[in-house]
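Subject: Handing over a structure, with notes

Dear colleague,

Please find below the structure that I promised to pass on to you. My notes on it follow, and I would be glad if you read them with the model open beside you.

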Amino acid sequence: MEKEAMGGHVMLPLENLSLDVPNGEIVLGHDKDMSTLQEEISAMRSRHRHLNRRRREALDKLIDLKGSIRVFCRVRPLISTSNFKIKSPVTVEQEKITVRAVGVKKDFSVDRVFDQESTQDDVFQEVKPIIRSALDGHNVCILAFGQTGTGKTYTMEGTNDNLGIVPRASQELFSHASQDSSSTYSFSISMLEVYMGSLRDLLAPRQHLFRSTECNTTCNLSILATKSGAIEVEGLTDVAMPDIKKANQWYCRGRRSRSTSWTNVNDVSSRSHCCVCV
């Protein structure tokens, strides 16, 4: 028998190979096994699509039951200005909040109330289902509204150690997209600020090396209505987010460009309205 060594492999003449096995059976090859595997894979993919469709239907029904428009109220902890303990003028229930001031009592009913002990994760878990529905093709909007110093920026943006809704939502989107092999997703982000009656593009290319007190981002934006009735901002910068790391970098850049100033209750109050679109 002739053998020829090439690159660590041994080559045998084809006539020396035999399909005979000790039991007298003949090996027919792997075609049948491959065909069976392909059928199983096809069946699993079909089942995955079916389950994914059922999941979407269940999520849509859940959102419909809870309401497509929901109102939450989060109570900020009292700001201590002295050593005296101050009784909170706010009484909180699951879906009701009572405010007492100067002998006046007012009750407000909402879909969910978060008390002073609530965490960032408590709030995010309540909005998490609608964020998941965004990957199913639905438009989703989360709006924080309140007086200066009530914690809107903290709830939406958070801190480096305690993330808010926006960075948590980005993580959730990328996490689900990586687990869904039936679809391909691409993400982009734009950030807009409404400040002093003007629109500012927070992700516009920087024109100056150092930040000045003047507007150094695009301010000549205009709001347009499309033929379908949608609202768009002409000229707004929209950048791709290939991964969560890049998403965090763009988001942090936009945050640094926001207008802040001091107020009587907040030294670095966000003096504008910020819109993040993913």
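A salt bridge is counted here where a side-chain nitrogen of Lys or Arg lies within 4 Å of a carboxyl oxygen of Asp or Glu. Before I use that, please note that this is a predicted model, in which local features need pLDDT of at least 70 and side-chain atom pairs count only at pLDDT 80 or more, while totals for chains, interfaces and linings use all residues. Residues are numbered from 1 along each chain as its sequence is written, and side-chain values use heavy atoms, with hydrogens and water left out.

Salt bridges

The structure holds nine salt bridges. In one of them the side chains of Glu 193 and Arg 200 meet at 2.2 Å, taken from N to O. Glu 193 has a relative accessible area of 0% and is therefore buried, the word standing for under 20% relative accessible area, with exposed for over 50% and partly exposed for what lies in between (1.4 Å probe, protein chains only). Arg 200 is buried too, at 6%. Glu 193 also meets the side chain of Arg 258 in a salt bridge, with 4.0 Å from N to O. Because Arg 258 lies in the loop between α5 (244–256) and β13 (260–261), whereas Glu 193 belongs to strand β8 (residues 187–195), this pair ties together parts that are 65 residues apart in sequence. The names of these elements follow DSSP, whose runs of H or I with at least four residues are helices and whose runs of E with at least two are strands, numbered from the N terminus. Arg 258 has a relative accessible area of 7% and is buried. A network of salt bridges links Glu 157, Glu 193, Arg 200, Arg 255 and Arg 258.

Elsewhere, Arg 112 and Glu 126 bring their side chains together in a salt bridge of 2.9 Å, N to O. Since Arg 112 is in strand β7 (residues 112–114) and Glu 126 in helix α2 (residues 120–134), the pair ties together parts that are 14 residues apart in sequence. Glu 126 counts as buried, at 16% relative accessibility.

Helix α2

Among the buried residues of α2 are Val 123, Phe 124, Val 127 and Ile 131. The helix bends by about 45° at Val 127, and Pro 129 follows within four residues; the bend at a residue is the angle between axes fitted to the seven residues ending there and the seven starting there.

Strands

Four bridges join β8 to strand β9 (residues 198–201), and the two run antiparallel; strands are said to pair if DSSP finds at least two bridges between them. Tyr 195 has Ser 198 in β9 as its bridge partner. Two residues lie between the strands in the hairpin of β8 and β9, where Met 196 takes a positive phi near 55°.

Three further strands form an open sheet in the order β4-β5-β6, with antiparallel pairing. At its edges stand β4 (90–92) and β6 (104–109), each with a single partner strand, so that one side of each is left without a neighbour in the sheet. Strand β5 (residues 96–101) is joined to β6 by six bridges, and Ile 97 stands opposite Phe 108 in β6.

Aromatic pairs

How many aromatic pairs does the structure hold? There are three, where rings of Phe, Tyr and Trp (its six-membered ring) pair if their centres lie within 6.5 Å, and planes under 30 degrees apart count as stacked, over 60 as edge-to-face and the rest as tilted. The rings of Phe 72 and Phe 114 have centres 5.8 Å apart and planes at 85°, so this pair is edge-to-face. The pair links distant parts of the chain, with Phe 72 in strand β3 (residues 72–74) and Phe 114 in strand β7, 42 residues apart. Phe 72 is partly exposed at 28% relative accessible area, whereas Phe 114, at 3%, counts as buried. Phe 174 and Phe 187 form a tilted pair, with 4.7 Å from centre to centre and 45° between the planes. That pair links helix α4 (residues 165–179), which holds Phe 174, to strand β8, which holds Phe 187, 13 residues apart. Both Phe 174 and Phe 187 are buried, and ring pairs link Phe 174, Tyr 185 and Phe 187 into a cluster.
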